[in-house]
Structure formats: structure tokens, C-alpha cells
Amino acid sequence: NKSNEMGRVVTSENQELEKNLLRRTTLSVCDDIEGFVRNNFAYLFRISSKSLEQQLKLKLAAHYAVKDPINGNSAVFYHGTELNSNRRVIIRALKKYEFGPVDKEAQATQKQARDTRIDRILNFKHRNIIKILGTHLDSFPQCLILEYIDGISLKSILRVLPLTKASAIEMAIQLADAIDYLHTHGEVHQRIRSSKILIDNELKPIISPFELLESAKTPEDGASFLANLHYAAPEAL
């Protein structure tokens, strides 16, 4: 443009129009490239744990300090601190990113259903259910901000210290009340197992939020299917 228009005075308004046109063109090209990559080279892409952590830190830099990770299966968890209040939180991020072809219409329908569900779940208040403090689902990496619970899993406790009959009954009553609360509000918890039940410093059982960020479904072998069947919700069967 400079070489062809040396004699013309370019106004700031024209410059801004050209910049906007360039931005739109660039975004359109990026969208085309993403679609091409999804359709033809999905098998080449993997998101490493280190890359996920770096991108998560960059995304949340204005609000949270992301610290050491906690292992997970379909998701990865990080300790974090809210910068404004210095409050400790847990950050739950989707571990895997689906690079396969995307049906945009179906994706929009799923997003609307998910957003409606999340709006409902954000208002849940129960002593035995971890509170979701916020969501960041607009772009990769998607994540939830959860309240920090100072405790360990029921599975870890049972390895070293069997529960008394009275304490087991009390925990069962509290967990049943939490499940009843979820059912009353139209939510079915899919995976209630000892590894997903936290016992806090007051010896209260706390269940984690249900699978809001589900990864792509993968086939299960017979052993995995039977192991998960012990913990499946009757409604799911």
C-alpha cells in the first residue's frame, strides 16, 4: 500500500478501516486453518500437562495465581489463590481438548444446555457439596473455580483407619441428604465413590461437583465397566 499510494495522504479514519478489514480477514483465515487441522490432522495434536498449566496460568493471570497440580483422570486440578482476597481455591481444568471435526450447530445447542445447567448448579448451597465459585468456559483451557476443602478423601482414610459403626452411619445420612438435595434440584450425581468423597477438618463428608466438563467418551474394557458399575447412579442404568 505504501509503495502504491505514496502521493496520497492516508487519514487516520482510513487507517482504522484498513486495520479492521485486516483483523476480520485474519480471523477468517484462522478459522479456516482450524477447521482444516481438525478435519485432517487431529491425530497429531496432544495437549501436554505442562502446556495446559502454562495456558491456564496465562488465562487466569488477572484473577488467580495457579499453583501446583493435583492428579486427576478426565480433568486436572490445581491449587490456586484468588488475587483480590488471597482466598485459597481449587481450579478444575479439562485435561483433554477435542480436536476432531466440529458440528457448530450441535456445539451451540450443547453450549446452551450446559450454560443453563451451570447457572442452576452455581446456586446450589449445601453443607456436604463443594461450592462452585466461578466458571471460565469461554475458551481453552476450560475450567471451574471450586472452594478449597481442607481434607482428604474417604478412600485414603479407610486405608489406615476403619470407621466406627456410628460414624459410618452419620456420614451415610449426610451423603444421602446431599444426594436428595441434588435430586430435588434436578441433578443426578454419576460417580459417588470413596475416592471422590472428601472428609474435611470437621469430619464432614463432602462430595465433589458432578462432571460438568466431560471429556470425549472412550470405550471401556470389561473390567473398567464392571468397576464403574458399582458406583453408577440407578437413574443412569
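Is Asp-200 buried or exposed? In this predicted model, Asp-200 counts as buried, at 9% relative accessibility. The cut-off for that class is under 20%.

Asp-200 forms a salt bridge with Arg-127. The closest N and O atoms of the two are 2.9 Å apart. Arg-127 lies in the loop between α3 (104-121) and β4, and Asp-200 in strand β7 (residues 197-200), so the pair ties together parts that are 73 residues apart in sequence.

In total, the structure holds six salt bridges. One of them joins Lys-57 to Glu-53, with 3.3 Å between the closest N and O atoms. These residues sit four apart in helix α2 (residues 49-60), so about one helical turn separates them. Lys-57 is partly exposed at 37% relative accessibility. Glu-53 is buried, with a relative accessible area of 13%.

Glu-16 pairs with Arg-23 in a further salt bridge. Here the closest N and O atoms are 3.7 Å apart. Glu-16 is partly exposed, with a relative accessible area of 37%. Arg-23 also counts as partly exposed, at 45% relative accessibility.

Phe-140 occupies the loop between β4 (132-136) and β5 (143-147). Its relative accessible area is 24%, so Phe-140 is classed as partly exposed. Phe-140 and Leu-94 are 46 residues apart in sequence. In space, 8.6 Å separates their C-alpha atoms.

How values were computed. Residues numbered from 1 in each chain as written. Predicted model: local features only at pLDDT ≥ 70, side-chain atom pairs only at ≥ 80, totals over all residues. Heavy atoms only, no water. Helix = DSSP H or I, 4+ residues; strand = E, 2+ residues; numbered from the N terminus. Buried < 20%, exposed > 50% of the residue type's maximum accessible area, 1.4 Å probe, protein only. Salt bridge = Lys/Arg side-chain N within 4 Å of Asp/Glu carboxyl O.
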